[in-house]
Amino acid sequence: MIKDSLAKALNDQINAEYYSAYLYLTMSAYADRLGYKGIANWLGVQAKEELAHGTHIYHYLLERGAAPSFQDIKAPQVSYGSLQEIFEKVLAHERKVTELVNRIADLALNEKDHAAYHFIRWYVDEQVEEEADAEDLALKFSRIGNNPGQLYPLDAQLGMRRFTDPFPV
Ligand code: FEO
C-alpha cells in the first residue's frame with residue numbers, strides 16, 4: 001500500500017501530465033492555423049505522449065491499492081505571439097515538469113518506498129530527453145525567427161514525428 005502523501009503527489013502529477021496535453025494541443029492548433037502542419041504534428045504527438053504519461057500513473061496508483069483522483073484541469077493560454085514564443089514556453093514548461101517529477105522522487109526516497117522510486121525514475125529519465133528536445137527546438141526557433149524560407153524545412157522535419165506508445169500493453 002502506498003502512503004497517502006505519495007499517492008497525492010502522483011495524483012497531482014496525473015493532473016500536470018494531462019494539463020501538459022491540453023497545453024500542447026493549444027500550441028498545435030496555433031501552428032496548424034498558421035499553416036505549419038509539421039510543427040502542429042510535432043506538438044500533437046507531444047500531447048499524446050503526455051496523455052500516456054498521465055494514464056500510466058493512473059494505472060500505477062490502482063496497482064498500488066490507491067484511488068486515482070481527477071482534479072480540474074486548468075485551461076491553458078490559447079493565443080501566442082509567434083512560433084518562437086511557443087517553443088520558449090515548451091522549454092519552460094518541461095523544466096517545471098522536471099521539478100515536479102524530482103520532488104516525487106525525493107518524496108519516494110524519504111518514504112523509503114523503493115517501488116515508487118523505481119516507478120518515478122522512468123519519468124526522471126524521460127525529462128532529460130524532454131528538456132533536451134525542447135532546448136534544441138527553442139534554440140532553432142530563436143535563430144530562425146519568422147523567416148519562412150527556414151521555417152518550412154523545419155516544418156517538414158517536424159512533420160515526420162510519429163507517436164509511439166511509451167507503455168504498450
Ligand atoms: Fe510528461 Fe513533457 O512531461
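The axes of helix α2 (residues 37-63) and helix α3 (residues 83-110) come within 13 Å and cross at roughly 20°. Helices here are DSSP runs (H or I, at least four residues), numbered from the N terminus. Axes are lines fitted to C-alpha atoms over the stretch in contact, with angles from 0 to 180 degrees between N-to-C directions. Angles under 35 degrees count as roughly parallel, and α2 and α3 are therefore roughly parallel to each other. Their crossing is left-handed, that is, the near helix is turned anticlockwise from the far one by less than a right angle.

The model is predicted: local features need pLDDT of at least 70, side-chain atom pairs count only at pLDDT 80 or more, and totals for chains, interfaces and linings use all residues. Residues are numbered from 1 along each chain as its sequence is written, and side-chain values use heavy atoms, without hydrogens and water.

On the α2 side, the contact is made by I39, W42, L43, Q46 and E50. L83, I86, F87, V90 and E94 contribute from α3. Contact means heavy atoms within 4.5 Å. The contact residues divide into 7 nonpolar, 1 polar and 2 charged.

Helix α1 (residues 4-34) has 31 residues and reaches 45 Å from first to last C-alpha, close to the 45 Å expected at 1.5 Å a residue. G35 follows α1 with a positive phi, near 95°. K112 follows α3, also with a positive phi, near 55°.

The rings of Y60 and F119 have centres 3.8 Å apart and planes at 10°, so the pair is stacked (centres within 6.5 Å, planes under 30 degrees apart). Y60 lies in α2 and F119 in helix α4 (residues 114-144), so the pair ties together parts 59 residues apart in sequence.

Methods: Helices (H or I, at least four residues) and strands (E, at least two) are DSSP runs, numbered from the N terminus. Angles under 35 degrees count as roughly parallel, over 145 as roughly antiparallel, 65 to 115 as roughly perpendicular and the rest as oblique. Ala, Val, Leu, Ile, Met, Phe, Trp, Tyr, Cys and Pro count as nonpolar, Asp, Glu, Lys and Arg as charged, and the others, Gly among them, as polar. The expected span of a helix is 1.5 Å times one less than its number of residues. Rings of Phe, Tyr and Trp (its six-membered ring) pair if their centres lie within 6.5 Å; planes under 30 degrees apart count as stacked, over 60 as edge-to-face and the rest as tilted.
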